[in-house]
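Here is a walk through one protein model, taken a contact at a time. Keep the structure open and follow along.

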Amino acid sequence: MQFLFETVWLIPVYSLVGSLLSLPWSLGLLRRTGPRPAAYISILMTIVALVHGTYILSMSWQRPAQQFVYHWLTAADLDISLSIELSPVSLGALELIGIISLLAEMYAIGYMEKDWSLGRFFGLLGFFEAALSALALSDSLFLSYALLEMLTLSTYLLVGFWYAQPLVVSAARDAFLTKRVGDIVLFMGLVALSCYGEGLTFSQLEKWVATSPLPPLGATLLGLSMIAGPLGKCAQFPLNLWLDEAMEGPNPAGIMRNSVVVSAGAYVLIKLQPVFALSPIASTTLIVIGAITAIGSSLMAIAQIDIKRTLSHSTSAYLGLVFVAVGLGHVDIAFLILLSHAVAKALLFMSAGGVILTTSDQNITELGGLWSKMPATTMSFLVGSAGLVALLPGGIFWTFARWFNGDWEVSYPLLVFLGIFNALSALNLTRVYRLVFLGQPQSKTRRAPEVAWPMAVPMLSLIIMTIIFPLIPIRWSLWLSSVNPLQQSSGFLVQWGFPLIVLSGLLGVVVGLGITLDKSWSRPTAFYRRFFQDLFAYDFYLDKIYANTIVALVASIARMTTWLDRYVIDGAVNLVSFFTIFSGNALKYNVSGQTQFYVLTIMIAVGLLIWSILKSQW
């Protein structure tokens with residue numbers, strides 16, 4: 001057991017080794033066997049990592065957290081250490097990553113069985129999984145930042161997997177550049193924190209915050225810079241457009257991206273919560289950003305007709321709830337939302353992938369009647385939706401119940417916000433379910449078969465996980481109540497807050513079942529409907545706003561600097577060059593080779609020098 005604890009750093013290495021072993025197939029060096037062996041090697045290494053992590057989790061459950069510190073760079077007063085923390089939270093996150101990664105890889109074998117770049121895909125997926133696993137264990141801010149950069153690179157490579165398509169190339173580029181904006185600001189915050197703080201580990205933040213010497217302005221700037229990184233990773237406003245475009249990549253990568261990858265940024269955000277507690281402005285910023293993203297992305301999702309894009313906007317919306325919870329200081333609620341969403345959203349994307357593969361269509365207005373032809377896929381979508389809507393006893397249901405059980409300080413604006421969000425989420429998922437699975441079969445769905453067993457087995461496994469997952473928030477609530485039985489809230493919100501949220505989910509389902517959904521939904525003729533649908537479907541025209549403001553400003557500065565470089569700097573350099581050439585051509589006629597001419601030149605120069613000295617003295 002001690003050996004397994006001391007070698008816990010091997011868990012991310014397993015996936016990295018699997019990625020390296022797939023290189024012969026990724027590079028096309030082995031063609032006779034086909035790309036399948038690379039997939040089998042990757043799955044085998046994921047199973048090894050999962051077994052190792054499961055054993056450590058079972059042995060360390062409800063034990064104090066342990067840290068393993070590896071001194072990476074020590075020079076003078078500088079000590080950069082790579083710290084790993086073993087706690088029920090970090091090991092539980094590692095377990096979730098391993099399970100979803102294994103199921104996504106099994107799913108990918110069936111989904112991409114005809115793709116000859118399957119070896120390259122599994123090589124990239126192993127690199128992806130290694131960065132995620134290491135991030136779950138990391139207690140070092142420096143190491144976490146490096147791992148977030150690895151995730152940014154992995155996102156770029158996986159989104160651009162089918163690089164022959166122009167839309168794929170632009171989507172990969174936008175995802176990479178959008179994340180880089182947040183990463184640069186986050187790095188500035190980490191540098192500042194390393195100057196102010198005692199160390200660069202998450203476990204030291206709470207102790208440092210208690211004795212923080214920061215002035216209010218410094219605490220505010222530090223908190224805002226720490227928000228920037230998770231802002232881009234979690235696709236929050238105003239850096240939320242990349243996740244929608246990233247749906248151009250393969251669906252198995254989308255399963256991980258919308259479940260555990262975007263959750264990685266939120267995981268870092270939760271661990272940075274003590275820093276945000278220093279500044280009310282930073283905490284308020286988190287709440288405002290989360291609320292805007294949750295409501296705005298929910299409205300965007302309702303107007304989408306692409307099944308993957310509507311689910312991706314839903315991902316941004318649920319991560320907005322995490323931002324709100326962290327801003328309020330409700331850390332355990334943020335963790336529960338993160339875990340519940342990851343499992344349910346992975347199941348929804350598996351269901352969507354099955355529909356896309358069998359019908360070769362992603363437009364939900366062209367689908368219908370699949371419930372009798374694809375029962376496993378239909379059940380997957382229903383169970384995944386139940387896990388995300390606080391109506392049936394799924395993960396989010398018990399998480400919201402935990403939020404309003406009286407242990408946390410809640411308010412009426414929070415109740416109204418969660419009610420609106422839950423209603424919009426229920427409306428969106430009901431709309432998609434009706435258009436895709438109910439109604440009469442369309443031309444593309446009349447002969448749609450059920451997915452093959454490599455895709456069905458992961459879906460059925462996730463169905464079971466989603467059904468039993470509510471045990472986690474239930475046991476969490478019981479354990480925390482026994483630790484801290486004192487209630488922070490009472491009265492109307494505790495008695496009626498959660499029932500009202502459940503009623504909002506019921507209202508969303510009723511509206512979703514009652515509204516008319518036909519092909520005109522994709523482009524209504526009424527002006528007011530068309531105006532609002534275009535407003536929501538085109539992401540509130542954020543791309544055009546960026547193009548006319550930030551992009552236009554950067555382009556103007558680029559044109560100005562180009563003009564300065566071409567006509568001012570290059571002009572000055574060319575002037576010096578011209579003067580050098582002209583003077584050199586003029587002086588070359590004085591080189592006659594006669595000694596008396598050189599003596600005459602020296603005498604004239606000395607005479608002029610003496611004359612100038614005497615003149616200055618007079």
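The crossing of α4 and α6 is left-handed. In this predicted model, helix α4 covers residues 36-60 and helix α6 covers residues 118-137. Their axes come within 7 Å and cross at roughly 20 degrees. That angle makes α4 roughly parallel to α6, because angles under 35 degrees count as roughly parallel.

Now turn to another pair. Helix α15 (residues 307-328) packs against helix α19 (residues 412-437) at an angle of about 165 degrees. Their axes are 11 Å apart. The angle is over 145 degrees, so α15 counts as roughly antiparallel to α19. This crossing, too, is left-handed.

Step back to the whole chain. The protein has 26 helices and 2 strands. Its C-alpha trace spans about 110 × 60 × 60 Å along the principal axes. Of its 618 residues, 52% count as buried.

Next, the charged contacts. The whole structure holds 9 salt bridges. R309 takes part in one with D244, where the closest N and O atoms are 2.9 Å apart. R309 lies in helix α15 and D244 in helix α11 (residues 241-245), so this pair ties together parts that are 65 residues apart in sequence. Both R309 and D244 are buried. R309 also meets E248 in a salt bridge, again at 2.9 Å from N to O. E248 sits in the loop between α11 and α12, 61 residues from R309. E248 counts as partly exposed, because its relative accessibility is 21%.

A further salt bridge joins K444 to E366, with the closest N and O atoms 3.2 Å apart. Here both partners are in loops: K444 between α19 and α20, E366 between α16 and α17. The two are 78 residues apart. K444 is partly exposed at 39% relative accessibility, and E366 is partly exposed at 32%. Elsewhere, E149, R180, D183 and K233 are linked in a salt-bridge network.

Finally, look at some nonpolar side chains. F142 is in helix α7 (residues 141-159). It is partly exposed, with a relative accessible area of 31%. F142 and L82 are 60 residues apart in sequence, yet their C-alpha atoms are 7.5 Å apart in space.

On the surface, a nonpolar patch is formed by L553, I557, M560, W563, L564, Y567, V568, I569 and V573. Together they have about 890 Å² of accessible area. One of them, I569, is found in helix α25 (residues 550-587). I569 counts as partly exposed, because its relative accessibility is 48%.

Terms used
Residues are numbered from 1 along each chain as its sequence is written. This is a predicted model: local features need pLDDT of at least 70, side-chain atom pairs count only at pLDDT 80 or more; totals for chains, interfaces and linings use all residues. Side-chain values use heavy atoms; hydrogens and water are left out. Patches are made of residues with over 30% relative accessible area and no salt bridge: like charges are joined within 9 Å, nonpolar side chains (Val, Leu, Ile, Met, Phe, Trp, Tyr) within 5 Å. Accessible areas come from the Shrake-Rupley method with a 1.4 Å probe; for residues, only the protein chains shown count as cover. A salt bridge is a side-chain nitrogen of Lys or Arg within 4 Å of a carboxyl oxygen of Asp or Glu. Helices (H or I, at least four residues) and strands (E, at least two) are DSSP runs, numbered from the N terminus. Buried means under 20% relative accessible area, exposed over 50%, partly exposed in between (1.4 Å probe, protein chains only). Axes are lines fitted to C-alpha atoms, for helices over the stretch in contact, and angles run from 0 to 180 degrees between N-to-C directions. Angles under 35 degrees count as roughly parallel, over 145 as roughly antiparallel, 65 to 115 as roughly perpendicular and the rest as oblique. A crossing is left-handed if the near helix is turned anticlockwise from the far one by less than a right angle, and right-handed if clockwise.
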